[in-house]
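Please read the following walk through the model with the coordinates open beside it.

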Amino acid sequence: MLTWIASQGGPLRGELRVPGDKSVSHRAIMLASLAEGVSRIEGFLEGEDTRATAAAFRAMGVRIESPSDGARIVHGVGLRGLSAPAADIDCGNAGTGMRLMAGVLAGQAFDSRLIGDASLSRRPMRRVTEPLARMGAQIDSEPGGLPPLRIHGGRVLRGIEYATPVASAQVKSAVLLAGLYAEGETVVREPHATRDYTERMLQAFGWPVEHREGEARLCGGGRLVARDIEVPADFSSAAFFIVAASVIPGSDLLLRDVGVHPRRTGLLRALRLMGADITLLDPRERQGEPIADLRVRHAALRGVEVPEDVVPDMIDEFPALFVAAALAEGRTRVSGAAELRVKESDRIGTMAQGLKALGARIEETPDGALIEGGTLDSGAVDSHGDHRIAMSFAIAGQRARGEVRIGDCDNVATSFPGFDALARGCGFGLREAVPG
Ligand code: S3P
């Protein structure tokens, strides 16, 4: 098991580009596989999560070439062209992979079974199996609605109108993807608008989708047409450098080509409320996706009440925000974020446990935390196999008075392979512990 040792390095300087967006990479593989013709994907995230999705579609008969790092050539088989996989489909650590694929597989003529690692096997799937069942799908899960998911093929799906109880792009996407195979119209409404990559990418592949904030609708029975996709750098990976440069004195860091979709960048709003110094340079669009270079300079941060309406727009960024809060002046309150408890780990619990081990004052609430800013000590923390927890404590180590030992870091490769080298390259003090 990989252990990291994080300790004070220099100020963060220079410029870097983080790897491709995880959400976009998953969807690009799925839609390119279901399209007619050959699609080329550039900037694909070479992470374990997204590679698992590519492996799944290969196992269902899609030819996917990897000519170079971050490039994929997908020979789409058309909406009805997948073939039955010979074995279980292993989604690894990826909730997005499993939930979106459940939507696709619900509409196939063959049976399939989706499995995942220990973390994914504890994550709730009823949020997708329930609406898919309403559409006519038959999906068996383990007690409590947990994976593995056994999906029965050959079912006739009907479009539904579905109001999602949780703001979740994964749930919305699973229903919309099943809607491609359904008779009639499928409508999804959300309590708070979430990332709309599925809607926009479906349109880019030629499938009409009507969507506005909080609502998406499409009709079954069309076709997807191959196209090339450029994947922007992942804001959620950039987030670790944004927070780190904000809290490390003397830092001045440039992050290139970052996707700055408003449904992803709530962290910028929260950090700016805290007093962060972040400038968006050269904002531009690439294939309809807003991107920018981000210049981040160190600033003295103060605690804030994180507005609840920003929570869905920064749902993956709370582990890093907790570290910023623990180093800020004054108290930060996070509320309305109960979803954090069902991510790759219980992110409220694991962050509270780790920050306490470093001497921080943090109190958990059912849907958030109260964090009293101050200083951090050396200590040992456990990331519980959660990539974002591991990278967040690597930031904590840059300001701790001594070394922070971070256990169980292998899963960083699920979303951000090469994080440690990139981090060292711009000034992080971070190394692997020698085993034994
Ligand atoms: C994602 C949606 C979010 C996010 C996850 C990726 C997606 O999950 O946390 O990392 O690509 O649709 P939820 O839909 O469960 O909020």
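The side chains of Arg-264 and Tyr-197 are joined by a polar contact of 2.8 Å, where a polar contact is a pair of N or O atoms within 3.5 Å, and within protein one atom must be able to donate a hydrogen and the other to accept it, while residues adjacent in sequence count only if both atoms are side-chain atoms. This is a predicted model, in which local features need pLDDT of at least 70 and side-chain atom pairs count only at pLDDT 80 or more, whereas totals for chains, interfaces and linings use all residues. Residues are numbered from 1 along each chain as its sequence is written, and side-chain values use heavy atoms, with hydrogens and water left out.

Arg-264 is placed in the loop between strand S15 (252-259) and helix H8 (266-273); helices (H or I, at least four residues) and strands (E, at least two) are DSSP runs, numbered from the N terminus. With a relative accessibility of 2%, Arg-264 counts as buried, a word that stands for under 20% relative accessible area, as against exposed for over 50% and partly exposed for what lies in between (1.4 Å probe, protein chains only). Not counting residues up to four places away in sequence, Arg-264 touches Asp-21, Ser-23, Arg-195, Tyr-197, Asp-234, Phe-235, Ser-236, Asp-313 and Glu-317, contact meaning heavy atoms within 4.5 Å. For Asp-313, which is 49 residues away from Arg-264 along the chain, the separation of the two C-alpha atoms is 4.9 Å.

From Gln-170 it is a backbone N or O atom that lies 2.9 Å from an oxygen atom of the ligand. The ligand taken alone exposes 380 Å², and the protein buries 95% of that, with accessible areas taken from the Shrake-Rupley method with a 1.4 Å probe and, for residues, with only the protein chains shown counting as cover.

Met-314 sits in the loop between strand S17 (289-297) and helix H9 (318-326), and at 0% relative accessibility Met-314 counts as buried. Leaving out residues up to four places away in sequence, Met-314 touches Gly-266, Leu-267, Ala-270, Val-306 and Leu-321.

How many of the 8 residues of S15 are buried? The count is 6 of the 8, so S15 is largely enclosed by the rest of the structure. Strand S2 (residues 13-16) runs parallel to S15 and is joined to S15 by 4 bridges, while S15 and S17 run antiparallel and are joined by 6 bridges; two strands pair if DSSP finds at least two bridges between them. Leu-254 in S15 is the bridge partner of Glu-15, and in S17 the bridge partner of Leu-254 is Arg-295.

S18 pairs with strand S20 (residues 368-372) in the antiparallel sense over 4 bridges, and Arg-333 stands opposite Leu-370 in S20.

Another open sheet has 4 strands in the order S6-S7-S9-S8, with mixed pairing. S6 pairs with strand S7 (residues 112-115) in the parallel sense over 2 bridges, and Asp-90 stands opposite Ile-115 in S7. Helix H3 (residues 95-105) packs on this sheet, touching S6, S7 and strand S9 (146-152), with a direction at about 175° to that of S7. H3 is mostly covered, since 11 of its 11 residues are buried.

Methods: Axes are lines fitted to C-alpha atoms, for helices over the stretch in contact, and angles run from 0 to 180 degrees between N-to-C directions.
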